[in-house]
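Thanks, everyone; I would like to take a few minutes to go through one model with you. Please have the sequence and the structure open while I talk.

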Protein chains: 6
Amino acid sequence: MPIRLERSYRFSAAHRYVRPDWSDDENRARFGKCWIAPGHGHNYRLTVTVVGEIDAPTGFVVDLGVLDAIVRERVLERVDHQHLNHAIAEFAPGGQIPTSENLALWIRDRVSSALPAGVRLAMVRVAEDDDLAAIWMGE
Amino acid sequence: MPIRLERSYRFSAAHRYVRPDWSDDENRARFGKCWIAPGHGHNYRLTVTVVGEIDAPTGFVVDLGVLDAIVRERVLERVDHQHLNHAIAEFAPGGQIPTSENLALWIRDRVSSALPAGVRLAMVRVAEDDDLAAIWMGE
Amino acid sequence: MPIRLERSYRFSAAHRYVRPDWSDDENRARFGKCWIAPGHGHNYRLTVTVVGEIDAPTGFVVDLGVLDAIVRERVLERVDHQHLNHAIAEFAPGGQIPTSENLALWIRDRVSSALPAGVRLAMVRVAEDDDLAAIWMGE
Amino acid sequence: MPIRLERSYRFSAAHRYVRPDWSDDENRARFGKCWIAPGHGHNYRLTVTVVGEIDAPTGFVVDLGVLDAIVRERVLERVDHQHLNHAIAEFAPGGQIPTSENLALWIRDRVSSALPAGVRLAMVRVAEDDDLAAIWMGE
Amino acid sequence: MPIRLERSYRFSAAHRYVRPDWSDDENRARFGKCWIAPGHGHNYRLTVTVVGEIDAPTGFVVDLGVLDAIVRERVLERVDHQHLNHAIAEFAPGGQIPTSENLALWIRDRVSSALPAGVRLAMVRVAEDDDLAAIWMGE
Amino acid sequence: MPIRLERSYRFSAAHRYVRPDWSDDENRARFGKCWIAPGHGHNYRLTVTVVGEIDAPTGFVVDLGVLDAIVRERVLERVDHQHLNHAIAEFAPGGQIPTSENLALWIRDRVSSALPAGVRLAMVRVAEDDDLAAIWMGE
């Protein structure tokens, strides 16, 4: 009987949307206020959902301390109180735009492979505010 | 690699549950306080989830300005600060009852066909308060 | 040592802003979308704060059951699932406009005089959504 | 056209994580602060999602009064203002640990079989705070 | 120019309302479900507001690390994941009832005297859920 | 009978805490993660409370459109999607640190003098997240 555990984290980060291969006019037209230098920021809310069987002795799908350590070391310590375009190689100038969509996939890649045996990543949700979120759904 | 974008909107509207083909007693028995004339209201929270591939140059599943314009023109301008039984033909007396369930399907019909190529409607969620929501799930 | 107890309640109601002694143009200019007939609605959140000394045996400023009964009978049963302009004489056509400001004072009048001895009304806050509230402050 | 109705409830309960067949050291190592006697507590938020066809005359997937009565009688009256290890036989000493995961399955078992014909249980979500929830997903 | 800093914390605790000098009937009549043994629990939200002048070099009213350490050591480590009637001498059987009102005053006493020079405690707010809070107001 | 109107706004901005007259070690010691270049960001929530008499014809303390325009033009258009140290002269290198405390006073100065006759600024609250806010209280 698989069950899911949904765990939320918060981090504060700055980001900017800009393509150096585009003119200023083109950047402004496509990215609007998100193009303004050197960027703005958000209180991100990250929700990680894992799925697996309940371990009978503990009643846990996953040891929460283990999950928290994975997310803290592999994600939060990389992005919290950072400017994403500066701190994350994939989002450096000329790389990917640090949208919630790209950030969700970057987090999925970093968390998915680190989970303990028997626990699978089911969903990663990155919300940049109460009204906008990107979601990767695995199962 | 499909990814989802979840976007929330708010609107304020009044509604009333009544069937003119039922007696007052029957209306009261089935609809309770929702039957009281001329109606009450809610701060609705509408969440629209779309799914698609990320556009590599922009990092977007969908241009948020485009999605917002679709929802604003096709939904919000029709329902915000309105009485649903008066403003929406489908919910006029003798038509459908303006429950969250029916409202979710009405919104799905209006948004789904208007989305840009490559973007599919995955979910419509209509919450009339923090504790009650209707959800249409596409994929 | 006075201490406060802050208690929140919810109700759903419809309302409309209109002055019959004004032209349609004037009503529309001053009240905007709030003028649209027959009205729209909100999930109101009412917060009542009382102040007094702690009763030593119970540790209560006020018996919560007593406070809840006062608010339910004198306020919630009058406004929940109602259209304020229809259900409340003070807000009928030609009377006061059912703004949050006027509603806060109407509630203060109904609650203040009913409180048990030794308990004073310190504040009434009426929020029509997350971003707008009227507050009457007594002390 | 199936549609979902998502309904949330709240209850306050205490719980403690302890296995009598483990030493104190082992209990402390695995359960941390959740092992401290005689337990701590939470404001739980329970979300029950049902799925079915809309009943055309009423616009309802399920009569909300019926659903609320099922959850109140079969779940809330058993757990609200209780200590789960004391009040629920399955969570008594030597039984299951009252984690959110086990609680979600206990609730599923109690609600699923009681739903009216034509309505299926799609999801049970038990959140012990804003950042942690267990989810059973049926469909 | 005095300014306030409002800082919120969370803790989970159990409590029970009972007076050993009252009969069971009297306890039940006054305390209702809060009398049920061995207690229930809440996710408490504690808000501490301090007031003072801004320190010009840092722009701070108070060093947040200092304030957080005071509240953590003097309050949170005493109450988090505890049963208040067991863990806090003032709330032991025969002592004060662990209501939000009494808890707010207990916290005020522990925090007020520990604040750095130039910073005064302006308010302590203890919310046991979204709808109920006790507030001690200093200035 | 004075009454208050409390109105909330949101904006996203980046900021950094740094004093060029301090060594890196000193900056790091006092500002911690807030010192990391080129800054991080928040979804700020600004609450402006005004107080005055109710205008009898409209039931308004203040015309909400007027208040919104003042805040939008004098505050939001200056800070939204900006890096505060870059966009606001008072927070440029060598100036004030863009803490919530300093930001609250900056906003008070810009809003207070622009209010319509008969309406006074009672409070400005700047929250950088759910757990931290600075408050200027006038009356």
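Let me begin with B:Glu90, which sits in the loop between helix H3 (84–87) and helix H4 (100–112) of chain B, and please keep in mind throughout that this is a predicted model. If we set aside the neighbours within four places in sequence, B:Glu90 is in contact with B:Gly95, B:Gln96 and B:Trp106. As for B:Pro38, which lies 52 residues away along the chain, its C-alpha atom is separated from that of B:Glu90 by 18 Å.

Now to the interface, where chain B contributes 20 residues to the contact and chain A contributes 21 residues. The area buried between the two chains is about 1,800 Å², with carbon and sulfur atoms giving 54% of it.

On the polar side, 10 residue pairs are in polar contact between chain B and chain A, counting those where both residues are at pLDDT 80 or more. The rule also finds 3 salt bridges across this interface, including one between B:Arg45 and A:Asp131, whose closest N and O atoms are 3.3 Å apart. Within the side of chain B that touches chain A, strand S1 (residues 3–15) supplies the largest share, namely 7 residues, and by class that side holds 11 nonpolar, 3 polar and 6 charged residues.

Finally, S1 of chain B pairs with strand S5 (residues 132–137) of chain A in the antiparallel sense, over 4 bridges, and there B:Glu6 is the bridge partner of A:Ala133.

Definitions and conventions. Residues numbered from 1 in each chain as written. Chains lettered and ligands numbered in written order. Predicted model: local features only at pLDDT ≥ 70, side-chain atom pairs only at ≥ 80, totals over all residues. Heavy atoms only, no water. Contact = heavy atoms within 4.5 Å. Buried area = accessible area lost by both parts, 1.4 Å probe. Salt bridge = Lys/Arg side-chain N within 4 Å of Asp/Glu carboxyl O. Polar contact = N/O pair within 3.5 Å; in protein donor to acceptor, adjacent residues only side chain to side chain. Helix = DSSP H or I, 4+ residues; strand = E, 2+ residues; numbered from the N terminus. Nonpolar A, V, L, I, M, F, W, Y, C, P; charged D, E, K, R; others polar. Pairing = 2+ DSSP bridges.
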